[in-house]
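Please read the sequence and the 3D structure below side by side.

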Amino acid sequence: MTQKKLQNILNNHYLWLESDGEEGERADLEGADLRNAILIKVNLRNADLKFADLYNVNFRNADLENADLYNANLYNADLRNANLENVNLEYANLKFANLYNADLYNANLENANLRNANLYSANLGNANLENANLYGANFKNANLENAYRPEGLKGYKIDKEGYII
């Protein structure tokens with residue numbers, strides 16, 4: 001996707017959000033190739049990012065609340081301090097993603113791949129972690145209050161540094 005096309009989508013999405021849907025249009029980035037994009041502080045609340053290739057994207061301080069990232073590739077993505085509240089990340093690939101201090105409250109991470117992800121100080125309150133791959137993930141100082149994982153951390157061990165082994 002060209003930078004010009006992406007900027008047009010982001011501008012229309014901003015209008016859509018600010019006008020409560022009266023102007024602009026919701027960002028439809030389903031299946032978009034945004035590999036290596038720099039989207040620091042971008043506002044993509046309620047956006048459709050299903051199946052998007054977001055490999056190595058910089059979403060630092062981004063607002064993705066209520067976005068749909070079903071089966072998105074977020075391998076090695078930078079999501080530090082991002083707002084991911086109520087986000088759908090079912091089947092998403094977050095391997096090696098940096099989610100330091102990210103807000104994942106009430107996020108759906110069912111069947112997500114969080115292998116070796118950094119969730120240091122992340123808020124995972126009420127998050128759904130059912131069948132998520134957590135091996136090697138760093139949960140040090142993370143809030144897991146009321147996080148849903150029917151099998152708990154069965155089969156996982158947390159080392160003294162907060163990493164799942």
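N83 sits in the segment after helix 1, where helices (H or I, at least four residues) and strands (E, at least two) are DSSP runs, numbered from the N terminus. This is a predicted model, in which local features need pLDDT of at least 70, side-chain atom pairs count only at pLDDT 80 or more, and totals for chains, interfaces and linings use all residues. Residues are numbered from 1 along each chain as its sequence is written, and side-chain values use heavy atoms, with hydrogens and water left out.

Is N83 buried or exposed? N83 has a relative accessible area of 19% and therefore counts as buried; the class buried means under 20% relative accessible area, exposed means over 50%, and partly exposed is in between (1.4 Å probe, protein chains only). Contact means heavy atoms within 4.5 Å. Leaving aside its neighbours within four places in sequence, N83 is in contact with A62, D63, L64, E65 and D103.

One of these contacts, D63, also takes part in a salt bridge, its side chain meeting that of R45 (3.3 Å, N to O). A salt bridge is a side-chain nitrogen of Lys or Arg within 4 Å of a carboxyl oxygen of Asp or Glu. Both D63 and R45 lie in the segment after helix 1, so the pair ties together parts that are 18 residues apart in sequence. R45 has a relative accessible area of 25% and is partly exposed.

How many salt bridges does the structure hold? The number is eight. Another of them joins the side chains of D53 and R35 (3.5 Å, N to O). This pair links distant parts of the chain, with D53 and R35 both in the segment after helix 1 (3-18) and 18 residues apart. R35 is partly exposed, because its relative accessibility is 45%.

The side chains of D78 and R80 form a salt bridge as well (2.6 Å, N to O). In this pair D78 counts as buried, at 13% relative accessibility, whereas R80 counts as partly exposed, at 27%. Salt bridges that share partners also join E30, D48, K50 and D68 into one network.

Next come the aromatic rings. Rings of Phe, Tyr and Trp (its six-membered ring) pair if their centres lie within 6.5 Å; planes under 30 degrees apart count as stacked, over 60 as edge-to-face and the rest as tilted. By this rule there are five aromatic pairs. In one of them, Y70 and Y91 have ring centres 5.9 Å apart and planes at 70 degrees, so the pair is edge-to-face. Y70 and Y91 are 21 residues apart, both in the segment after helix 1, and the pair links distant parts of the chain. Y70 is partly exposed, with a relative accessible area of 26%, and Y91 is partly exposed at 41%.

Y75 and F96 make another pair, with ring centres 5.7 Å apart and planes at 65 degrees, so this pair is edge-to-face. Y75 and F96 lie in the segment after helix 1, and the pair ties together parts that are 21 residues apart in sequence. The relative accessible area of Y75 is 27%, which means that Y75 is partly exposed; F96 counts as partly exposed at 36% relative accessibility. Ring pairs also link F51, Y70 and Y91 into a cluster.

F96 has a backbone feature to note too: a positive phi of about 65 degrees, although F96 is not a glycine. N81 likewise has a positive phi, of about 60 degrees, and is not a glycine. N81 is placed in the segment after helix 1 and is partly exposed, with a relative accessible area of 34%.

What does the chain as a whole look like? The chain has one helix and zero strands. Its radius of gyration is 16 Å, close to the 15 Å that the globule rule gives for 165 residues, so the chain is as compact as a globular protein of that length. The radius is taken over C-alpha atoms, and the globule rule is 2.2 Å times the number of residues to the power 0.38. Along the principal axes, the C-alpha atoms fill a box of roughly 50 × 30 × 20 Å.

Of the 165 residues, 42% count as buried. Among contacts in the chain with a separation of 6 or more, residues 24 or more positions apart account for 9%. The accessible surface of the chain comes to about 8200 Å², and 41% of this belongs to carbon and sulfur atoms; accessible areas come from the Shrake-Rupley method with a 1.4 Å probe, and for residues only the protein chains shown count as cover.
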